[in-house]
Amino acid sequence: MTELDRAVWLLRATPTHEHREEHTLRRWARIALDFGRELAHTARPPDIPVHRVEGGHHPDELVLAEYRPNRPRILLYTDAIIAVQDILRGQGPAETFPPEIVEAAAIAHEQAHHRLHGTAGRELRHRLDHTALTLGRIRLRGHVLGADEIAAHSYARHVLGGQHCPLRLTQTLSRHLAATRS
């Protein structure tokens, strides 16, 4: 499965996109992936404090890290990082992500969200060119749910050198959580 296929999977799994046409999802996914790559190559990662805290591991959800825009900082959830390593070990060698890569990807992903809060986020919405509402000659651009996540995953991949695919990690964890709910 390609990174583009995984990005389309993420969009399709996002509420409001279940019935969208494949070509629309693929176009949005490609734009978001390219945008994340460009963002990773245009400037050095922002200097945001990272705080290691407990938590992030819930029965049906794993939150590895989160960006907090008020007093900008990133919370890295140590319990979730440990849980991810346990899950990946259970998946076998094909799903191996070294612990330092999981942490680095989570931090880079949240750095991307920091950058997407300003002009970069507006630029992504402009490129996606999704029309939410048209009133005569007035056209309002809409937010494409999930596109910022894809851009952040792509950003993380390219900040880390392109070897590891955070979208693959997300898909693996999502499948694991879905299987444990059944």
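**Strand E4.** I started with E4, residues 65-68 (strands, E, are DSSP runs of at least two residues and helices, H or I, of at least four, numbered from the N terminus). Ala65 and Tyr67 sit on its covered face, while Glu66 and Arg68 are on the uncovered one.

**What I'm looking at.** This is a predicted model, where local features need pLDDT of at least 70, side-chain atom pairs count only at pLDDT 80 or more, and totals for chains, interfaces and linings use all residues. Residues are numbered from 1 along each chain as its sequence is written, and side-chain values use heavy atoms, with hydrogens and water left out.

**The sheet.** I traced an open, mixed sheet of three strands, ordered E1-E5-E4 (two strands pair if DSSP finds at least two bridges between them). E1 (50-53) and E4 each have a single partner strand, so one side of each has no neighbour in the sheet. I found four bridges between E4 and E5, which run antiparallel, and four between E1 and E5, which run parallel. Alanine 65 has leucine 76 in E5 as its bridge partner, and histidine 51 stands opposite leucine 75 in E5.

**The turn.** E4 and E5 make a hairpin with four residues between them, and arginine 71 there has a positive phi of about 50 degrees.

**Arginine 73.** I looked this one up in strand E5, residues 73-77. One polar atom of the arginine 73 side chain lies 2.9 Å from the backbone oxygen of asparagine 70. Beyond its neighbours within four places in sequence, arginine 73 is in contact (heavy atoms within 4.5 Å) with Ile48, Pro49, His51, Glu66, Tyr67 and Arg68.

Note on methods:
A polar contact is a pair of N or O atoms within 3.5 Å; within protein, one must be able to donate a hydrogen and the other to accept it, and residues adjacent in sequence count only if both atoms are side-chain atoms. Buried means under 20% relative accessible area, exposed over 50%, partly exposed in between (1.4 Å probe, protein chains only).
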